Amino acid sequence: MSFYFAIVGTKDNPIYEAEFGTSKQGGDGVARFREEQRSMNQFIVHSSLDIVEEVQWATPTMYMKCVDKFNNLLVSCFLTAGNIKFLLLHDQKADDAIRQFFTDVYDLYTKTLMNPFYEVDMRITSGVFDGKVKQAAKKYL
Amino acid sequence: MSSAFPSLRTRPTLPAPGVSRATSVYLRSSTTAPVHSSVTSLNSLFNQTNLNSPRLPDGEDCKGLVCRAFVPHIAVHVSDDTNELAREKGFVDFKDMLRPYGESIQGRITIRDSQGISTTHDDYGVRFVSLTDVAGSGEKWESGASRAMNGSSEKAASSGSGVFQGGSVEEVEELVNLHMERAEELNETSLPSDGDTPTFNQSFYMLYLRRILSALPLSPHETFSHPVACVIAISSRNANPIDSLRSLYNSGNQLPLPNYLSTDYLRYYVLVHDEDRDDIKKSTILFDQMKKHFGLHCHLLRLRSGGASVISDDDAVIVPKSQWVSAAEELHEIRSRDYEDEQPTTCLPDSDATGIQTMVREMAQVSVIPFMERCIATWNDQVASRRRGISGRFLSMSKRYFTASSSRNSTSSSSNYDALSQSYPPSSPEAQMRKLADYAFMVRDWRLAHSIYELLRTDFNNDKAWKYHAGAQEMAAISLILTGTGLTSKVRADTIAPMLDLSCYSYLSRCSATYNALRCLLVAVELLRIRGGGAADEAATWAIRARDMNAQGTIGHTLITERVGACYTIREGIGSGAWGARKRKAAMWKMLAAGEWLEVGKLAQSRRCLDTALPVYQGSRFLHIHSFMEHLKQQAGYTPLLVDLQDGRRRGGGDGEEEDSDEEEGVEIQSETLHAGFKRKSLIVGREVEREVENEAESGLDRFVDS
């Protein structure tokens, strides 16, 4: 089970991307995507923004659960207050684990936002952020 | 979304666009189009919707296509001298002469539905088939299993004997491939052709769909291709006309028709009068005699004799090409044409063409349609209402419960279904009801058709007549979509989706009838797609299902991939942000299709897909998307004409990426001159020069000279 996680800015631009595998059931936390699947992942996530933009008006919560599906791949979404989307591509349903993961990432993102040198829609290149996201992934997914 | 948008729309006063612009930048998420406010005034909301609405290109009347695919079939059984007459005029036989005129009947056809309300249709048609072909093709459909086992040998046999039948996905594919290759050649070597051959828009898919729906194969489980009427014709050259009519009648009955075919169709007698060779007085007397013998369903067709007329003749008109020939036949025709130098265009004198048109029209309006209306009324009264009534319900229920409990053996004996030949005899109430429903469908009384299919669904299920069951499910879903009222998302999810699903399941895993399953899905996709909104989403889902079915070869697969994109394209957004639109999804599927076209070496197709997909991905910061896009562009030899134009338009709005996109274009122009046709090149070079003059003249001129 592999995950592709992307934070997408207000202009459909990726702010942060990461790939990781599951750490449950003896997984080593390494993503196993074939090379051609990589571009497909991005296509799927990008196209699911259409659904996100529709669902966001009808869902009371910021976590929209699973919004889209392509073949056997699912896309879960979390919308922040600033219209930044957290999108996670996964292949098994795990609503609660993903919610916890998103909540952690939201904290991390908010802290990044507090950085006076960071502006909205800027790419997040911080190694600390990256490390902490991976940690959260290891913990929940 | 449905709950959110109405409230937005009904709010009377919203801040003016300008006020909230600054704050709303972060709320928006679309890359293209200049920034509008996320909350707009009521007026601009509606204006924008109109502007953004995608327009259907011409020739994409999908509902019409489906309606015209399911029309009454009329068998033709004529004497040899009549065929001889047609042959002298340059046709294969008499049927061949009638066929093009049957496909679109001139003028309007009035049909009364079961409620007694008349409706007129101006795109009605009938199909003429040869009665001997019907008899010949039926045997293959005796059982699905035998066909599946020796399909290839039958194909060879059928093309040898000259019987062309639809229902073969491979042949359709082959045909589309052939057309596509020709178009590809044309596009590479010369200017894109205009009009004659199906060039680029959606038309390759439409051709595919049309050929899938052409020449519906004869099968026990649906009666669309069973003849509704039979034309029995003799010519005035005949020595003893009444006798030969009688023998035609008898030989028509004695033909080895498949036993699931009901033979009580309408007989329509035609006397073909040869204007130049025979005396009209004699013919009129004969015609009166015919009327006396055979009743009202007679027609006197006056044709000029003489050889084939050519286009240079004074009053010659070109016979329209038959639109609904089967893929096998068209393939055969194209291949035989390859050996000859020029295309044979058959012509008829003007008076002959009008005569045939009038005959077909009269036959449909005065005889065939009323005959069908009568059949519908009778069966509806006698068979369907008995089944629908309280006793019928009790009967079917008791049949289900008591027989099942009493003994196993009696289940089979109590039902009319013959498991061996996998069909109902034509006199059984089930077969008659299916016929009733199909007739109702063909005269476009969707509501009645739907109610009968609904009844049949359960009956066939109880009898475990799976192909019948699948067919009834299919048509129940399609007729429900065609009724067009009250098709809410709930109905779609609760009624139509399970019906289509079950139908596909039955066709595929119980009968291994991939053609039928594919047809069912594609028709449903088209009908749902034109409804727009949420239905278009479902259309896309079903199209994806059809794509995953793997019943088609690569061409069909890619065409359907592209169609998924088209399903998403049709969905309009609401408001200036076009919320609820499926722009990105459409682009993704087009991109996938572009990739698949490349794999099968159809560069022109691939470029066309890229044209529509690229605007969405232009300037995308997703690395893999970007590299994938560049890769495709390079492989397809893509020229950024469309993107370029839109870029230029956007530049008026002004965003920050002008420099690097200019660089890109400079590089692209070098490669495009190698590939593109003359028109495109000159256009771009012209624009190029214009821009260069503004900027740096020297380098631009160098490049211009180079190219």
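Predicted model: local features only at pLDDT ≥ 70, side-chain atom pairs only at ≥ 80, totals over all residues.
Colleague: In what order do the five strands of the open sheet in chain A lie?

Modeller: The edge strands of chain A are β2, covering 14-21, and β3, covering 63-70, since each of these pairs on one side only. The pairing in the sheet is antiparallel, and the twist from one strand to the next averages 20 degrees. Read across the open sheet, the order is β2-β1-β5-β4-β3.

Colleague: Which residue in β2(A) is the bridge partner of A:I7?

Modeller: Strand β1 of chain A, made of residues 2-8, pairs with β2(A) in the antiparallel sense, and seven bridges join the two. For A:I7, the bridge partner in β2(A) is A:Y16.

Colleague: At about what angle does helix α1 of chain A run to β3(A)?

Modeller: Helix α1 of chain A, residues 35-55, lies across β1, β3, β4 (73-79) and β5 (85-90) of that chain. Helix α3 of chain A, residues 127-140, also packs on the sheet, where it touches β1 and β2 and makes about 40 degrees with the direction of β2(A). For helix α1 and β3(A), the angle is about 130 degrees.

Colleague: What percentage of the contacts in chain B between residues at least 6 apart in sequence join residues at least 24 apart?

Modeller: Chain B contains 31 helices and nine strands, and 44% of its 707 residues are buried. Among its contacts between residues at least 6 apart in sequence, the share joining residues at least 24 apart is 72%.

Key. Residues numbered from 1 in each chain as written. Chains lettered and ligands numbered in written order. Pairing = 2+ DSSP bridges. Helix = DSSP H or I, 4+ residues; strand = E, 2+ residues; numbered from the N terminus. Axes fitted to C-alpha atoms, helices over the stretch in contact; angles between N-to-C directions. Contact = placed C-beta atoms within 7 Å. Buried ≥ 20, exposed ≤ 12 C-beta atoms within 10 Å, placed from the backbone.
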